[in-house]
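Dear colleague,

My notes on what was found in it follow directly after.

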Amino acid sequence: MKQIILATKNKNKLVEVKAVLGNDYEVLSMEDIGIDVDVEENGTTFEENATIKAEAICKICGKPVMADDSGLEIDYLDKKPGVLSARFLGHDTSYDIKNAKILEMLEDVPEEKRTARFVCSIAVAFPDRDTVVVRDTIEGIIGYESAGENGFGYDPIFYVPELKKTTAQLSMEEKNKISHRGKALVKMANRLKDMNLWDCWL
């Protein structure tokens, strides 16, 4: 089976990636291969940050490496927190606090102005060829309260009107079918297959 290294320390992301790609790839974490480094994400777009991470870890391990950069864009807040989603209010601040702050910032804002989206850009870097990058999104609104115990991050406040649920109220199977990361992962898998890159994984 083809191996791919996932450039993240976020165990929730690892679970999601394995759930989508697990039948076709052996997805290993940085911890699995003994890499413990922090890559500075100083890009101005999701695509730049994903590429920076994937290429940095690829240089260290010499294997194909996947990295994603994802975040929440809220239109009323000029698409903030955006690429700074993980660092909003501080990297070590709990998402309970971050979510509460966003709800406070949108207090009294009507539903039609609470539009938002999750964005995910995924990059796969190779030791001997160009990095491949894809992007996908899921549209929704910011709810009026946190709801749901599944997912992670901003999931409890991201409401999908068509489903009448937050993404934290979805099962992993439901979420992976419609989420920004789930759709981007499928798109990436199709890109790699179309490009006939299987020799890279041997």
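**A lysine in helix 3**

The side chain of K98 comes within 2.7 Å of the backbone oxygen of A86. Please bear in mind throughout that this is a predicted model.

K98 belongs to helix 3, which covers residues 95-105. Is K98 buried or exposed? K98 is buried, and yet no salt bridge is formed by this residue. D92 carries the nearest side chain of opposite charge, and the distance to it is 8.2 Å. Leaving aside residues up to four places away in sequence, K98 touches S85, A86, R87, F88, L89, G90, H91, T93 and Y154.

Two of the remaining notes also concern this part of the chain. L89, one of the residues touched by K98, sits in the loop between strand 4 and helix 3. Its phi is near 65°, which is a positive value in a residue other than glycine. With a relative accessible area of 40%, L89 is partly exposed. A100 is likewise part of helix 3, and its relative accessible area of 43% makes it partly exposed. Between A100 and L72 there are 28 residues in sequence, and their C-alpha atoms are 15 Å apart in space.

**Salt bridges**

How many salt bridges does the model contain? The count comes to 16. Three of them are described here.

R181 pairs with E16, with 2.8 Å between the closest N and O atoms.

Are the two partners buried or exposed? R117 has a relative accessibility of 13% and therefore counts as buried. E139, at 41% relative accessible area, is partly exposed.

The side chains of K187 and D136 form a further salt bridge, with an N to O distance of 3.3 Å. K187 is in helix 5 and D136 is in strand 6, so a helix and a strand are tied together across 51 residues of sequence. K187 is partly exposed, its relative accessible area being 35%, while D136 counts as buried at 17% relative accessibility.

**Strand pairing around strand 1**

Which strands pair with strand 1, and in what sense? Strand 1 (residues 2-6) is joined to strand 2 (residues 25-29) by five bridges, and the two run parallel. Within this pairing, Q3 has E26 of strand 2 as its bridge partner. On the way from strand 1 to strand 2 the chain passes through helix 1, and this β-α-β crossover is right-handed.

What kind of peptide bond joins K80 and P81? The bond is cis, with omega at about 0°. P81 is part of strand 4, which comprises residues 80-81.

K79 lies in the loop between strand 3 and strand 4. Its phi is near 65°, a positive value in a residue other than glycine. K79 is partly exposed, with 47% relative accessible area.

With kind regards

Key: Residues are numbered from 1 along each chain as its sequence is written. This is a predicted model: local features need pLDDT of at least 70, side-chain atom pairs count only at pLDDT 80 or more; totals for chains, interfaces and linings use all residues. Side-chain values use heavy atoms; hydrogens and water are left out. A salt bridge is a side-chain nitrogen of Lys or Arg within 4 Å of a carboxyl oxygen of Asp or Glu. Buried means under 20% relative accessible area, exposed over 50%, partly exposed in between (1.4 Å probe, protein chains only). Helices (H or I, at least four residues) and strands (E, at least two) are DSSP runs, numbered from the N terminus. Two strands pair if DSSP finds at least two bridges between them. A crossover is right-handed if, with the strands pointing away from the viewer, the path from the first strand over the helix to the second runs clockwise. Lys and Arg count as positive and Asp and Glu as negative; His and the chain ends are not counted. A polar contact is a pair of N or O atoms within 3.5 Å; within protein, one must be able to donate a hydrogen and the other to accept it, and residues adjacent in sequence count only if both atoms are side-chain atoms. Contact means heavy atoms within 4.5 Å.
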